[in-house]
Amino acid sequence: MRSPEAERTDESFDKSIAGWIDFERRPLLKTLGAGVALSLSSGLATARDDDDSGTEETDTTGSDAAGIDPQYGLAVPDVEELPETLDPDHEVRLHTVEPDDPENPDRPPFFHFDPIGIHVSGGDVVQFTPESPDHTVTAYHPAQGFQQRVPDGVPPFSSPVLNLGSAWLYEFTEPGVYDVYCGPHHVLGMSMRIVVGDLAEEDVPEYEDTFEGSDEPPLLAPFSKAFLEHELNATTEGNEDCEWAWLTPQEILDAPTLDPMTIRDRGTVPFEDVLAEIDRFADELPDHDEADETAPTVQVRDHAEYGEILVDADEMTLYMFDQDTQGAPETACDGDCADAWPPLTADTAVAGDDVTAELDTFERATGEMQVIANGWPLYGFAQDDAPGDARGQGSNDIWWVLGPDGTPIRSDASD
């Protein structure tokens with residue numbers, strides 16, 4: 001892993017980055033207030049063949065299987081045209097959320113990845129799907145003008161700008177910690193972390209908690225609130241004493257729930273968990289609490305082949321595992337198994353209409369509460385892409401969908 005950059009002192013804030021960034025400095029408050037999502041990194045976030053960062057590029061150990069380039073990934077303008085031979089192992093969605101805060105109607109939106117932290121196995125393919133337009137997935141890398149926050153040998157990968165209906169896929173082959181950001185919205189705190197492989201504590205890179213830039217060469221760290229406020233106030237005298245109103249990448253990546261070991265143990269970390277840990281936004285989460293208390297955790301959906309089956313809150317098919325013991329508060333599926341068959345987790349299990357199975361929860365080794373129906377722990381299947389998919393049915397003759405009463409339906413479409 002690359003060592004963190006040389007420590008940057010507070011005095012270094014006295015010099016604006018405008019002296020060496022390739023574009024003219026503008027009054028940021030005026031620009032952002034006009035609704036333009038300006039990234040301070042936009043003049044730097046282009047991989048350069050003549051990179052002068054002092055970091056020698058090496059070939060990635062990854063493959064170009066299924067047409068996924070180790071630097072440019074695979075962009076699909078229409079996600080519906082994703083090749084059937086390419087089944088992503090995980091999906092991350094790119095969001096813009098307007099906070100529902102009547103007492104603070106001018107609260108800026110949250111630009112974020114969700115989940116904002118994921119643990120994947122080496123060689124897994126992750127699909128990044130935009131829920132709002134104009135996002136990228138870009139590695140922190142010296143060729144982009146930033147600290148190296150990806151494993152050694154990994155190239156400065158980036159997606160193109162993604163619009164609604166598209167998707168971008170990337171194969172994570174090198175074990176380690178990957179910090180990435182959205183180019184257009186990086187200045188607004190849109191960053192996330194991917195942990196690849198079974199990382200041990202001693203393998204966590206030093207950059208995991210290093211947020212100081214360097215002067216030789218001039219590489220930026222993920223932006224901090226102090227840094228952005230300095231740049232904001234340095235643009236014009238009229239901006240004096242302005243405070244940064246948006247999230248910052250440092251706040252995101254420094255959140256305790258994005259500690260690499262926590263991500264490894266939990267598997268996924270949702271955006272709302274990170275936001276709750278940032279003091280100045282802890283009380284400004286989107287107001288979904290009341291709805292969540294009554295929204296069904298488990299529902300019933302009519303399936304074309306299997307009749308009425310149990311599904312989750314998003315109507316994705318649920319499964320039981322024959323190697324589990326009915327009625328036992330434990331699971332036989334963890335580690336890589338849980339990556340392929342993610343457990344249905346919730347603090348409280350709420351039954352939807354027509355669910356007759358008794359629901360309960362138990363605590364997994366990760367600390368998450370997994371939902372049980374009729375004594376069977378419930379799981380999703382990572383290869384199911386949309387409601388109605390049931391690709392896991394009958395897998396290895398041990399994974400089965402369940403009826404409304406929680407009874408396994410041990411048949412497949414060929415029967």
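Cys337 counts as partly exposed because its relative accessibility is 23%, where partly exposed covers the range between buried (under 20% relative accessible area) and exposed (over 50%), with a 1.4 Å probe and protein chains only. Residues are numbered from 1 along each chain as its sequence is written, and side-chain values use heavy atoms, with hydrogens and water left out.

**Confidence**

- The chain has a mean pLDDT of 82, and 78% of its residues reach 70 or more; pLDDT is the predictor's confidence in each residue, from 0 to 100.
- Residues 1-64 have pLDDT below 50, and this stretch has 137 contacts in the model beyond near neighbours in sequence, a contact being heavy atoms within 4.5 Å.
- Residues 287-293 also have pLDDT below 50, with 2 contacts beyond near neighbours in sequence.
- Where pLDDT is low, the predicted coordinates should not be read in detail.

**The chain as a whole**

- The chain contains 7 helices and 20 strands, which are DSSP runs numbered from the N terminus (helices H or I, at least four residues; strands E, at least two).
- Of its 415 residues, 51% count as buried.
- When contacts between residues at least 6 apart in sequence are considered, 70% of them join residues at least 24 apart.

**Cysteines**

- A search of the whole structure finds 1 disulfide, meaning a pair of cysteine sulfur atoms within 2.5 Å.
- The disulfide joins Cys333 to Cys337, with an S to S distance of 2.0 Å.
- The link of Cys333 and Cys337 is left-handed, with -105° about the S-S bond.
- Cys333 counts as buried because its relative accessibility is 0%.
- Cys182 is likewise buried, at 0% relative accessibility, and Cys242 is buried with a relative accessible area of 17%.

**Nonpolar cores**

- The largest nonpolar core has 58 residues, and those with the most contacts inside it are Phe128, Phe157, Phe172, Met192 and Ile194.
- Such a core is a set of buried Ala, Val, Leu, Ile, Met, Phe, Trp, Tyr and Cys residues joined through side-chain atoms within 4.5 Å.
- Leaving aside neighbours within four places in sequence, Phe172 is in contact with residues including Val120, Asp124, Phe128, Phe157, Tyr178 and Val196.
- Another core lies apart from the largest one; it has 15 residues, among them Met320, Leu344, Ala346 and Trp376.

**Two buried loop residues**

- Pro88 sits in the loop between strand E1 (74-76) and strand E2 (90-97), and Pro88 counts as buried at 6% relative accessibility.
- Beyond neighbours within four places in sequence, Pro88 is in contact with Leu82, Val125, Gln127, Leu169 and Ala382.
- Pro88 and Ala382 are 294 residues apart along the chain, yet their C-alpha atoms are separated by 8.1 Å.
- Gln393 is placed in the loop between strand E18 (376-377) and strand E19 (399-402), and Gln393 is buried because its relative accessibility is 7%.
- A polar atom of the Gln393 side chain lies 2.7 Å from the backbone oxygen of Ile409.
- Gln393 and Met320 are 73 residues apart in sequence, with a C-alpha to C-alpha distance of 9.7 Å.

Note on methods
Predicted model: local features only at pLDDT ≥ 70, side-chain atom pairs only at ≥ 80, totals over all residues. Polar contact = N/O pair within 3.5 Å; in protein donor to acceptor, adjacent residues only side chain to side chain.
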